[in-house]
Amino acid sequence: MVFCRVIKTPVFAGLVLLAATAVTPRCTAHAQELSMRTTGGERSVVAQRKVFVRSKALLVRAAVVEEKLIKRPEFNQLALTLTRNEADADIILELRHDVLTKYVYSAVDTRTQTILAGGKVSSLGGTVAGKVAKRFLKQLAKGHP
């Protein structure tokens with residue numbers, strides 16, 4: 001006799017555990033279907049915001065800023081993800097060269113066109129990409145949407 005039971009935990013939205021005496025393809029398919037159904041409906045609770053990085057600075061590429069963002073623990077804590085499709089982005093992080101060693105960055109919410117974060121960093125004493133990533137995530141964590 002094959003026994004298939006699905007346990008939903010309210011603590012973790014979308015987490016479905018499968019407890020079975022013998023795992024069969026039918027049980028796993030059922031669990032996957034339930035998992036997809038629960039995460040699809042509750043996705044707005046833990047929705048990830050997509051960030052598109054645009055660099056107008058010749059010496060700092062967008063890929064380097066993306067790499068620095070991914071390495072920071074706050075990136076996952078804020079439920080952020082990167083996208084290479086600008087039209088798909090929720091936040092656009094733009095970096096441009098200002099004067100000599102100064103770089104200016106700004107982050108804009110694409111839906112409301114409001115500035116979420118921004119500032120000026122210097123290339124002296126560290127990498128620009130690392131400083132931008134750190135300050136952007138810090139400003140976002142302070143209570144910006």
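**Exercise 1.** Over which residues does pLDDT stay under 50?

*Solution.* Start by remembering that this is a predicted model. Then find the stretch in question: pLDDT stays under 50 over residues 1-45. The model does have 40 contacts beyond four places in sequence for residues 1-45. Be careful here, though: where pLDDT is low, predicted coordinates should not be read in detail.

**Exercise 2.** Find the partner of Asp88 in a salt bridge, and explain what the pair ties together.

*Solution.* A search of the whole structure gives eight salt bridges. In one of them, the side chain of Asp88 meets that of Lys50, at 2.8 Å from N to O. Asp88 sits in the loop between strand S4 (80-82) and strand S5 (91-97), while Lys50 belongs to strand S3 (residues 49-55), so the pair ties together parts that are 38 residues apart in sequence.

**Exercise 3.** Which helix gives the largest share of the positive patch?

*Solution.* First, list the members: Lys102, Lys134, Arg135, Lys138 and Lys142 gather on the surface as a patch of positive charge. Now place one of them: Lys138 lies in helix H4. Helix H4 (residues 128-141) supplies the largest share, three residues.

Conventions:
Residues are numbered from 1 along each chain as its sequence is written. This is a predicted model: local features need pLDDT of at least 70, side-chain atom pairs count only at pLDDT 80 or more; totals for chains, interfaces and linings use all residues. Side-chain values use heavy atoms; hydrogens and water are left out. Patches are made of residues with over 30% relative accessible area and no salt bridge: like charges are joined within 9 Å, nonpolar side chains (Val, Leu, Ile, Met, Phe, Trp, Tyr) within 5 Å. Accessible areas come from the Shrake-Rupley method with a 1.4 Å probe; for residues, only the protein chains shown count as cover. A salt bridge is a side-chain nitrogen of Lys or Arg within 4 Å of a carboxyl oxygen of Asp or Glu. Lys and Arg count as positive and Asp and Glu as negative; His and the chain ends are not counted. The place of a charge is taken as NZ of Lys, CZ of Arg, CG of Asp or CD of Glu. Helices (H or I, at least four residues) and strands (E, at least two) are DSSP runs, numbered from the N terminus. pLDDT is the predictor's confidence in each residue, from 0 to 100. Contact means heavy atoms within 4.5 Å.
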